[in-house]
Every structure is written in structure tokens, then in C-alpha cells.
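Subject: Two-chain model, handed over with notes

Hello,

Here is the model I promised to pass on. Please open it alongside this email.

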Amino acid sequence: MIPATEKVKINKKDVAKLLGEWSGEFTVLVPSRDEGVVKWARWDGEDASFLDWYRNTIVPPKAIFLPPMEEMFGFQKDKASYRIELPVSSERKQLIFGIRPCDAKALAILDMNFSDAYEDPYYLAKRKRGVLIGLGCANPYDSCFCTSLDSSPNDATNVDVMLTDIGDEFLVEVITNQGRELVAKTSLVQVAAETDEVRAEEAKEAAYGRVARKIDTGSIKEKLLSCFEDKDYWEEVAAKCISCGICTFLCPTCYCFDISDELVKNQGERFRSWDSCAFPLYTKMPMENPRQQKWRRLRQKVCHKYGFYPINFEVIACTGCGRCIRLCPVNWDITQILGNLPTKEQLTPEKC
Amino acid sequence: MNHKEMEKKLRREARALLEQGKVGYIIGFEAGSLKFTTTPLITSDTGDISRLVVNPFIANNLSVYLAGVKGRVGIVVKGCDSRSIVSLLQDNKIAREDIVILGVPCSGLIDLGKVEELVGKERDELDDIARDGDRVVVTDNGNNSEFPIHEVLYDNCLGCEFPTPQEYDILLGEPTLPAGDRYQAVSLMKIKQLKDMPAQQRWEFWRNEFDRCIRCYACRNICPACFCQRCFVEESEPQWLLPVPRWQDNLMFQVIRNIHVAGRCTDCGGCERACPVNIPLRSLTREMYGIIAELFHYKPGMDKDTAPFLAAYEATDTEDFVR
């Protein structure tokens, strides 16, 4: 048994064994490739070869807690009333192995929304059953900009256990009590030497330096709100956007969903599924979409993340994971937009 | 004429068009914010003209923007994109006199996915990717590797029948000769593999593919042929399809979309490139393209003065129902 206060390490060759141990208690999710698309999937029990190629997933881990679609309940018409049947939810805990710091932070950001005035039972139940094993980024993408958002490729704030690549081994840092219990149970870790910790620090510093994309978030909220009504500006930056759902669906912090019923004869299900403020149909069901024009919808996306969320929760709802930049079919780049917001002097007089 | 020379000519012509007031906007490409990418540049400012580029990464079919830009527009197009414009003209979606077409005789676009697969590294980890005649040279960590173009161009480019724009006002270089049948087999390989599968296996294949679909509608929104004001999938009364991304609904959406763009799709490959979860959508659209060519002897976007494919019939048609 390793004393809980000590830093420990694990040989990369033993990671598969460790996942095997954890598979007894947890459903273990790891990055996996499906026709070249990296997403979270149940560990196949074979090996940890994903460590050789994994940088980040296309579909963010929010999909584990807020799935692209989920059944909220089933219903059956019973003469004059409806009988509601809640779906059977698993009690089994889920262990997400290798979550990147940006995506772990995104979950913390989602928690604020889903446990605010209304507590979302679907999301929160899954969150309570989730354990996060973080893996620091050694090789961030050219689209990553986490260091501009109070985070870093090694940010361990939002995980239970944090791993840092130190060559043939990972340095293992225990962050939460849950993480401590997990690490204490395994005999696959060894006490880390002082040299291991030095190597980890060097690796962290090098990774930090590799995040080349930067934005100044200093007074971003104020800047955004002051140009909020500059129609010309927003029309110009929205011109090439095609209003698809990629940047919002695959954003680790976007959480909008739609609700739909499917009724066949006397029974059916109520589903919720991802929705996007980029879509003209957004909020059409309860009322109208007040954002008929593309530039209004795009402005909403940017302002929600960098203006309104900070007002509501005192945090920017963006973690700099860069998915919206890498995956955009027209290379609409939020960092360019935020970096070139018009100053008060540049604002055009025409208001929307 | 190489890309650099075309780029020079493009900037000269585009500047003149704006300065002489012949167009209010130019729609072209500029360097993207990520390595080996480009991004649409939509501008009325002559100061932006020096940002226009022509290179093997000018992937987007810019005709998708035509309906959204007011007034007269100068637009940069490749062969396939020009046919989308012709198709939009046939459908009366745009007026010819409102557009000045700057045609790029195209020699094919480099498929970054294929390059990544071949070198085992991702786009942003590579130093350079350059076209050199019939080869593409990839520089990684100072070392060059060469690949024949049939290994690294997009499938649709390899099978391109009309690389030179069909409709243009200004051609930016010498017309490109089509490769003919040279790369047809590679271009259609995925489709052949699918056709060779037993039906059950093919069904399982598409089930797995559409299981990944997240219904972001990038395939539809990037497509100039998908010009409906309101897509059938967004109708709620009646609700043809739920917005829920179940594989069955996803597949149905794509099948209907495919039929809706039949006779308009020019095999530009935009839908497949836009898909964030790698669904091989061109295997559907290109097959539809082939069926239309075979059964109706029709190729989309070739002649702006003919009726749109789905709006035309001939009294001599062998099918009774059209008479």
C-alpha cells in the first residue's frame, strides 16, 4: 500500500492491467477510433495502444453525460390518462480514462448550468457516477488555446487523478479523495523518485510552451457587450458561417437540447437531443426563434460563451479545446474574432 | 499555369472588378488559420484583395454563398463549383448578370486525411505539403516523402470529368485536361467495395456509419444544391423525421437529401469533407450521379439554358407516367 500523500508513478506497460483492475468496479471508457473518428468508447479489454496516437477526441466527453440523444421517459395512454415509465438507469460507475484538462474543465462548467436554479437529474446522476482520470497533453493541436483561459495542458483542477507523461511512465497525482481510494487500491504503482517529479515538471513546462494560439481574455466581456449592437461587424464576421451545428454540438461546454415526443398508437417516448443556437429552428417549438438572421445566431454563440456565461457564473464557457476551429468546414475561427473585436472608436453608428 | 501565376491574375482581376464597380463583393479563398487550410474570403474591400489565394487546398464550393450576398458578386470557382453555379442558374436561384465568374482550371485538391494516413501524423505536425506535377511532396521533420497524386488527392478530384469551369467570365489559367479514365477506378473504389458487398453486410456498414451521425447538418448547409428555405427535416407539421440522431433517422435524412440533390449534385465532395464524423457521404451522392448519367444521360450543371433535371421530361420517354 502506498501512502496517500506520496507521489506515485505507473509504467505505461501496466496501464492495460490497471484498466483491467478498474473494469471490475467501473465501466471504463477510453479514447477509441471508429472509422478514423476518435470518440469515447468502452475499453475493449485488450491493451492501451490508444496511448500511442491519442491527442483528443472529436466527440467531447460531454456526450457521456449529456448524450446526443437520450430517452427521458416512456409513456402509455391509459384511457383518459398517461402512464409514465422512467428509463432504467445503470447504477454502475463510469471511469473516463485519459480525459484532457480542457474537457474536464468543460464538465465543471456544465455542472454550473445543470445544478443551478433547476437541477437536471439526467445529467447529474451520470456525473455522480463518473470518475475522471486526467491525462496531460504532451502534443496540443495548433488550434488549442487553453492557456488563454486560466487553464493549461496539465491543469489537474477538475479530475480525480492526473497523469503526466514522463517517458516510459506516467507520474500519478492524486487530486480528490475518490482518486486517492482508486490509487490506494492498486499495486501497479510505485513511489515516484524526486527525478520523476523533475521530469514531470519539465514535461509540463514544455507542453505549456507548445500551446501557440493565444487570445487576450482580459476585458473580453466588456468588449463584446460594447459591440453587441454593431450589426455591420457581426454581419461581416458571420458572412462565411454556414450555420451548421458542428461548433456547438462538438463544443465541450455547449449544452442546449431539444425535446421531442414519438408517439406510435398509444405509446411512445420522450427524447431529448442536442440542439444548436446556430439553427434557424432553435426555440421554434415554444415560441419563435428571435434570431432569424445568421449573424444574430452567431453573435449569440460568441456572446453566450464569453459574455453571458461570465455574467451568470463568473467563468468563460470556453476551455480553448479548439474543436470549433479544427472541425469547422469553413475554418471560422473564434480566436480571430475575439482578437479583432472593434474598439469603441471603431463601432459603426448603425445599430440593429 | 501554376497556382502562383493564377493567384496573381486573380488578384489583378478581382481588384479591377471592385475598383471599376463591376461587382460589390468578391468571394474567394484566403489562407486559413490552420496549416494547409483555406477559408472563404467574402469582401468588398480592395485592401483585402492581396489575401486571395489559389492553392491545392481551396476546398470549399463557394457557390453556396451566392444566395446570401446582395448585389453583383465576383466568385472564384473550380470546375465542380462552376457546375453548381450553372445548376443554381437552371433553378432560377441566381441571375447570371449578377455574377462574374473567376474560373480556376483545377488540378485537384489534396486530401489531408489521406496524407495523414500515409505519413502517420496529423496535419499540424507536418512541415509542408506541396504539389509537384503528378506528385505531392510531404515534408516531415526536414525529411521529404513523395506520393503519386492518386494516393493523396480527394476521390472526387481523381474522377473529375470537368476540371476546367464550364461557365466563366475570366479564366485564370490554361484549361486543365481531364485525367479521363486514368484514376476512375481509385475514385470509385469505395463505391465498388460497397456494391460488391452482400446486401446484409452493406446494410450493416451504413448502420454503423449513420450511428456516428450527430445531425449537425454540415453536409446540407455546405451544399449549394441544398437551397431549400426550410429543409423537410425541419418541418414539424407533419414531422417527417425526429431531430433525434438515431441511426435510422440519420440514414433516412441522408437518403432523402440525396434524392433532393439528384441532378444538382456535381460531385464536388463538399458534404463528405464537411462531415465531422467521417461518414463517406460521397459514396451515396456519386452513385446517384452515376445512375442519373446512365439512365437519363444527364450531367448536372453543364448547360444553364436547359431545364433542371427533375423539372424536365420528353414526350418520347419510354415511361408512361411522364406523358
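My notes follow, from domains to strands to one helix.

This is a predicted model: local features need pLDDT of at least 70, side-chain atom pairs count only at pLDDT 80 or more, and totals for chains, interfaces and linings use all residues. Residues are numbered from 1 along each chain as its sequence is written, while chains are lettered from A and ligands numbered from 1 in the order in which they are written.

Domains of chain A

Chain A splits into domain 1 (8–210) and domain 2 (220–346); the bounds come from an automatic or database domain assignment. Their C-alpha centres are 26 Å apart. Across the boundary, 33 residues of domain 1 of chain A are in contact with 27 residues of domain 2 of chain A (contact: C-beta atoms, placed from the backbone, within 7 Å). On the domain 1 side, β4 (69–78) and α4 (101–114) of chain A each supply at least two residues. Helices here are DSSP runs of H or I, at least four residues, and strands are runs of E, at least two, numbered from the N terminus. β4(A) gives the largest share of that side, nine residues. By class, that side has 20 nonpolar, seven polar and six charged residues. Nonpolar covers Ala, Val, Leu, Ile, Met, Phe, Trp, Tyr, Cys and Pro; charged covers Asp, Glu, Lys and Arg; the others, Gly among them, are polar.

Strands in chain A

Q76(A) has Q267(A) in β12(A) as its bridge partner. β12(A) pairs with β11(A) (residues 257–264) as well, antiparallel over eight bridges. There, D258(A) stands opposite S273(A). The hairpin of β11(A) and β12(A) has two residues between the strands, and K265(A) takes a positive phi near 55°.

Between the chains

The contact takes 34 residues from chain A and 29 residues from chain B. On the chain B side, β2 (38–43), α9 (218–221) and α11 (270–274) give two or more residues. β2(B) has the largest share, three residues. By class, the chain B side has 16 nonpolar, seven polar and six charged residues.

Domains of chain B

Chain B is assigned domain 1 (3–109 + 153–322) and domain 2 (110–152). Their C-alpha centres lie 25 Å apart. Here 12 residues of domain 1 of chain B are in contact with 10 residues of domain 2 of chain B. The domain 1 side has 10 nonpolar, one polar and one charged residues.

Helix α1 of chain B

α1(B) (residues 3–19) has 17 residues and should span 24 Å at 1.5 Å a residue; its end C-alpha atoms are 24 Å apart, which agrees. The expected span is 1.5 Å times one less than the number of residues. Its buried residues are M6(B), E7(B), L10(B), E13(B), A14(B), L17(B) and L18(B). Buried means 20 or more other C-beta atoms within 10 Å of a residue's own, exposed 12 or fewer, partly exposed in between, with C-beta atoms placed from the backbone. Down the axis of α1(B), the buried residues fall within an arc of 140°, so they line one face (the arc is that of directions from the helix axis to the C-beta atoms). The face turned away carries exposed K4(B) and E19(B). The cover over the buried residues includes β1 (25–31), β3 (73–77), β4 (99–103) and β8 (170–171) of chain B. G21(B) follows α1(B), with a positive phi near 70°.

Best wishes

Terms used
Contact = placed C-beta atoms within 7 Å. Pairing = 2+ DSSP bridges.
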